[in-house]
Amino acid sequence: MTDRIPVLLSGFADEAANEKLAVQQYSAFAALGLRYYSIRFVDAGEGIKNVMLLGDAEINHLVKMQSDYGLKVSSIGSPIGKVKLLDVDDGTANKFIPFEKYLAEDVQTACDRAEAFGAKLIRGFAFYHPKGTAPEDHLDQVADQLGQIAEACDKRGLTFGLEVEANLVGQTGTLLQAIAAKVNHPAMLTIFDGANIVTQGFTADETFAQYVAMKDSMGWMHIKDYHDPSPTGRIDHVDEASLDNFVPADRGDCGHEAILRDFKEFLPELHQRATRRGADGVFLDLEPHVKGGGQFGGFSGPDGFGVALRGLCRVLDYVEIPYELRGFADIKG
């Protein structure tokens, strides 16, 4: 097993903190043995803020603090792309921002945050198409806008990761791959998330097929799982606020064992893809939601995050994908 390329374990640290305080996030991750984290919501002394809204003093404080705790940022957990594609009233509360303004302001802010925290990766999404319309009808506009975002990131040596998620144009692996093929830019990769597929009513076999569809463009993977006690089949529009059946990766409906068994053989290629873009390696980014999830985040608590991490490690051990947690050598160092 030691001759195989290891994965790098990371996670959304805000999920491990009861009050989202920076000290809670960093203490939990250090105690769990993690070396990387994705930054999303944090209280750095001036109240809970999304990473996009942090001020310079808060950023400087967090950068020093993460170093004190032996942590590095794997990705900026930005909400880029979670806005309406078109300025139409479709009954949702999603906001619309004219794209030129969005590109000049929000996208540049996300890039600023990546540079400030020493990250090479920015997580984002594929825009909300009007509710009730077919996502396929909006591929050209989404690809055009995401291509401009990728170019903006590339100019600053960064990579934009497009996460698969319900209700957006990129709601399935097949759609995300179609977008990636149209964009065709080295600075845009895709992010697989099995639970975000299963919550739409896909079976484990169908979820595996969506994973396979994304392999040509995949950059990294989010790890969370879901178990629906009363499955009803495909869901056209997911009520994200009502999702409360998230579980660790070793006990859900995603079929992480089969996915990660295939992922193991794919790792050398993926490692080259990631390191060419300046990342330290291939990240498995825990976003467990085991105590609840929503449109812009989720919660696990320090205990739930530990359970989710150990669940993932059990699957990785079973399929023989190497990984590292902190050991005594790190303490001596």
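A charge is said to sit over a ring if NZ of Lys or CZ of Arg is within 6 Å of the ring centre and within 35 degrees of the ring normal. The views below come from a predicted model, in which local features need pLDDT of at least 70, side-chain atom pairs count only at pLDDT 80 or more, and totals for chains, interfaces and linings use all residues. Residues are numbered from 1 along each chain as its sequence is written, and side-chain values use heavy atoms, with hydrogens and water left out.

**View 1. Lysine charges over phenylalanine rings.** The charged end of K215 sits over the ring of F266, at 5.1 Å from its centre. In the case of K82, the charged end sits over the ring of F125, 4.5 Å from the centre.

**View 2. The ring pair of Y36 and F283.** Rings of Phe, Tyr and Trp (its six-membered ring) pair if their centres lie within 6.5 Å, and planes under 30 degrees apart count as stacked, over 60 as edge-to-face and the rest as tilted. The whole structure holds 10 aromatic pairs. In one of them, the centres of Y36 and F283 are 4.9 Å apart and the planes stand at 75 degrees, so this pair is edge-to-face.

View 3. A disulfide is a pair of cysteine sulfur atoms within 2.5 Å, and a search of the whole structure finds 0 of them. C254 is in no disulfide, since the nearest cysteine sulfur, that of C313, is 17 Å away. C313 is buried (under 20% relative accessible area, where exposed is over 50% and partly exposed lies in between, with a 1.4 Å probe and protein chains only), its own value being 8%.
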